[in-house]
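Here are a few notes to read alongside the structure. Have it open and find each residue as you go.

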Amino acid sequence: MAKNNLSMTERYRVQPGAKVHLRDVDPDDTGPYRQKDDAKADLERDRDRLFDLQEILYAQAQHSLLIVLQAMDTGGKDGTISHVMGGVNPQGCQVASFKQPTPEELSHDFLWRIHKHTPARGQITIFNRSHYEDVLVVRVHNLVPEPVWRQRYNQINEFEELLADQGGTTILKFFLHISRAEQKERLQARLDDPTKQWKFSTGDLKERAYWDDYTAAYEDALTRCSTKVAPWFVVPADRKWYRNVVVARIIVEALEGLGLRYPEPEPGLDQVVIED
Ligand code: ATP
Ligand code: MG
């Protein structure tokens, strides 16, 4: 298929029901671009567009947008947030980061802590990690019995359908796909660069040893939970600049598809005279 004619959305969306094999997706893909400079203007344009669309989303307060970011360690979740969303008005945008659950969170169902952070109408929320951890790290480390995590794929699909149907939420889920070699380079950079050392955690090395198990867990989550209302996108992420361009483009394409409009003004505004 002539993939170059597809929109970024079509190109990287996991079709509902399609089995995902991550080895078939090249993390080093740069799509239609040869190098970073070729993509610069497109990223700038989409960041500007995103700024404008977010303002209308906020003004109209009918729709909301939930962006889910998942990746292997060093996959670029933080960089994506700052480079793609950095220009958006902070009044209309929140980031929720999900770490190891607290005892209180663990004493509820796994979606309890998540639901509290879903976006209100007019808002954009970015999940830096998400409820998918409950079928990823939890599965890889057997933190709950298998029948419990197995049920979660359906529970997640139903939860996301609820958000879409009743919450007016558009859901976009990005798996930032890096290679094992790229992870090694990024971990090494965190070791070597004093400004990155704060990001280094020996725990990341332990998780790296589970690369294949994580890959299998991701493949299942991407396969089972890419739905019409809450699609997954597998984004080539070895090149940070390409990752940013792809994520920005897909978000803009989704918002443009909503037909956002400023709300109707109060009647009679054309008669209003502002006194000196
Ligand atoms: P990140 O790694 O996301 O950039 P960080 O380095 O600041 O953030 P970490 O403590 O390394 O913070 O990452 C959060 C950790 O919490 C990850 O190891 C993740 O797997 C774990 N985690 C998140 N959700 C869950 C969950 N539901 N159950 C168990 N562990 C979880
Ligand atoms: Mg970490």
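1. Leaving out residues up to four places away in sequence, Ile-81 touches Leu-69, Gly-86, Val-95, Ile-126 and Asn-128. Keep in mind that this is a predicted model. To find Ile-81, look in helix H3, which covers residues 77-85.

2. Is Ile-81 buried or exposed? Its relative accessible area is 15%, and buried means under 20%, so Ile-81 counts as buried.

3. Now pick one of those contacts, Val-95. Ile-81 and Val-95 are 14 residues apart along the chain, and 8.5 Å separates their C-alpha atoms.

4. Next, hop over to the charged residues. Which residues gather in a patch of negative charge on the surface? They are Glu-44, Asp-48, Asp-52 and Glu-55. Take Glu-55 as your example: you'll find Glu-55 in helix H2, residues 36-60. With a relative accessible area of 39%, Glu-55 is partly exposed, because that label covers values between 20% and 50%.

5. Last stop, a patch of another kind. Leu-269, Val-272 and Ile-274 make a nonpolar surface patch of about 330 Å². Where does Val-272 sit? Look in the segment after helix H11 (240-256). Val-272 has a relative accessible area of 53%; exposed means over 50%, so Val-272 gets that label.

6. To recap the labels: Ile-81 is buried, Glu-55 is partly exposed, and Val-272 is exposed.

Definitions and conventions. Residues are numbered from 1 along each chain as its sequence is written. Chains are lettered from A and ligands numbered from 1 in the order in which they are written. This is a predicted model: local features need pLDDT of at least 70, side-chain atom pairs count only at pLDDT 80 or more; totals for chains, interfaces and linings use all residues. Side-chain values use heavy atoms; hydrogens and water are left out. Patches are made of residues with over 30% relative accessible area and no salt bridge: like charges are joined within 9 Å, nonpolar side chains (Val, Leu, Ile, Met, Phe, Trp, Tyr) within 5 Å. Accessible areas come from the Shrake-Rupley method with a 1.4 Å probe; for residues, only the protein chains shown count as cover. A salt bridge is a side-chain nitrogen of Lys or Arg within 4 Å of a carboxyl oxygen of Asp or Glu. Lys and Arg count as positive and Asp and Glu as negative; His and the chain ends are not counted. The place of a charge is taken as NZ of Lys, CZ of Arg, CG of Asp or CD of Glu. Helices (H or I, at least four residues) and strands (E, at least two) are DSSP runs, numbered from the N terminus. Buried means under 20% relative accessible area, exposed over 50%, partly exposed in between (1.4 Å probe, protein chains only). Contact means heavy atoms within 4.5 Å.
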